[in-house]
Amino acid sequence: MIVTAPKRIYIGLLSLGVGLMALMGGAICYAFIYRPHYLVKGLLVLIGAFLLVAVPFLLLGLMGIVLSILSERRLPSFENCIHTTMNLLLPIVVLLGKALRVGKEPVERSFVSVNNYLVRLAARSCQPNELLVLLPHCLQDTECSHKITVRLNNCQRCGRCPVGPLLDLHDEIGFFISVATGGSQARRIVKDRRPKAILAVACERELTSGIQDVGSIPVLGILNQRPEGPCRNTRVDPLAVRQVLEHFLRGDD
Ligand code: SF4
């Protein structure tokens, strides 16, 4: 399924993170009233200067995300701020979630959901050969002896796992498709292929780190289903993959 988890989790925690940073900036200004030791003063000046630059920028990014969602429109002038805010504050957002007893997975799912929404709004149309579909190795049936990570066409399309139907889709549409055994291999594929857009199938953790890694390339994330637990015989609906691909090919939602 395309990730459409509640966006409010990520946006709420992001707002809290930016708010706390602004508060910290205020507290640093207040601390100067007590004439701190010069070493402490130096440290406070450094942190204060960082916050002075970072907080307005992050606030703009946050505002851009919220306005994009509320207006259902792409806001090109906010794009850089949005991208930096989304990715830079993710570790803080996850930490805040932990402190508030929100699990890491719901936070990551919400992050991917916000990302998907913004990518859909950006709606860049692509040619099939500019599209990269990245699949996780765990989609392959564990009993299958064909080495699809070496060569995807080794798959016999026997119907026991989703790899066969996805290869049929690849033959029909003509996008580039690859199976990655992990994050570093996925990064290498993206670097070699230089796609205009990526459709990634993975779990919350891999999707989140993948979206952060690829920088400015739009990535739409589809969450794999895990009926047997993580990393084993996972599933994905080829119809959901087709719908996302059509979105990229048409360049609209
Ligand atoms: S479709 Fe069949 S042959 Fe292809 S990877 Fe899955 S189990 Fe192996």
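Analyst: What follows is a set of questions and answers on a predicted model.

User: How many helices and strands does the protein have, and in what order do the elements run?
Analyst: The protein has 9 helices and 4 strands. Read from the N terminus, the order of the elements is α-α-α-α-α-β-α-β-α-β-α-β-α.

User: What does the C-alpha trace of the protein span along its principal axes?
Analyst: The protein has 253 residues, of which 32% are buried. Among contacts with a separation of 6 or more, 68% join residues 24 or more positions apart. Along the principal axes, the C-alpha trace spans about 75 × 35 × 30 Å.

User: Is L58 buried or exposed?
Analyst: L58 sits in helix α2, residues 38-71. Leaving out residues up to four places away in sequence, L58 touches V18, M21, T85 and L89. The cut-off for burial is 20 or more other C-beta atoms within 10 Å. L58 has 22, so L58 is buried.

User: How far apart in space are L58 and L139, C-alpha to C-alpha?
Analyst: Sequence first: L58 and L139 are 81 residues apart. In space, their C-alpha atoms are separated by 37 Å.

User: Which residues is E108 in contact with, leaving aside its neighbours within four places in sequence?
Analyst: E108 belongs to helix α5. With 28 other C-beta atoms within 10 Å, E108 is buried. The C-alpha atoms of E108 and E204 lie 5.8 Å apart, although 96 residues separate them along the chain. Beyond its sequence neighbours, E108 is in contact with E204, R205 and T208.

User: Is α5 parallel or oblique to α8?
Analyst: The axes of helix α5 (residues 104-122) and α8 are 9 Å apart and meet at an angle of about 45 degrees. Roughly parallel would need an angle under 35 degrees. Therefore α5 is oblique to α8.

User: Which residues of α8 meet α5, and how does the contact divide by class?
Analyst: α5 passes α8 in a left-handed crossing. On the α5 side are E105, E108, R109, F111, V112 and N115; on the α8 side, E204, R205, L207, T208 and I211. By class, this contact has 4 nonpolar, 2 polar and 5 charged residues.

User: What is the hand of the crossing of α7 and α8, and which residues make the contact?
Analyst: Helix α7 covers residues 183-193 and helix α8 residues 204-213. Their axes come within 11 Å and cross at roughly 35 degrees. The crossing is right-handed. G183, A186 and R187 of α7 make the contact with E206, S209, G210 and D213 of α8.

User: How many nonpolar, polar and charged residues are in the contact of α7 with α8?
Analyst: Glycine counts as polar here, and G183 and G210 take part in this contact. The division is 1 nonpolar, 3 polar and 3 charged.

User: Are α6 and α9 parallel or antiparallel?
Analyst: The axes of α6 and helix α9 (residues 238-250) come within 10 Å and cross at roughly 25 degrees. The limit for roughly parallel is under 35 degrees. So α6 and α9 are roughly parallel.

User: Which residues make the contact of α6 with α9, and how do they divide by class?
Analyst: The crossing of α6 and α9 is right-handed. P165, L166, L169 and I173 of α6 meet P238, V241, R242 and L245 of α9. The classes are 7 nonpolar, no polar and 1 charged.

User: What is the phi of R157, and where is R157 found?
Analyst: Most residues other than glycine have a negative phi. R157 is not a glycine, yet its phi is positive, about 55 degrees. R157 has 14 C-beta neighbours inside 10 Å, so it counts as partly exposed. Its place is the loop between β1 (131-136) and α6 (163-173).

User: Is R194 buried or exposed?
Analyst: R194 lies in the loop between α7 and β3 (197-202). Its phi is also positive, near 45 degrees, and R194 is not a glycine. R194 has 9, so R194 is exposed.

User: How many residues surround the ligand, and which are the closest?
Analyst: By class, the shell has 6 nonpolar, 4 polar and 3 charged residues. The shell holds 13 residues, and the closest are C144, C155, C158, C161 and G164.

Definitions and conventions. Residues numbered from 1 in each chain as written. Predicted model: local features only at pLDDT ≥ 70, side-chain atom pairs only at ≥ 80, totals over all residues. Near = placed C-beta within 6 Å. Axes fitted to C-alpha atoms, helices over the stretch in contact; angles between N-to-C directions. Helix = DSSP H or I, 4+ residues; strand = E, 2+ residues; numbered from the N terminus. Left-handed = near helix turned anticlockwise from the far one by under 90°. Contact = placed C-beta atoms within 7 Å. Buried ≥ 20, exposed ≤ 12 C-beta atoms within 10 Å, placed from the backbone. Parallel < 35°, antiparallel > 145°, perpendicular 65-115°, else oblique.
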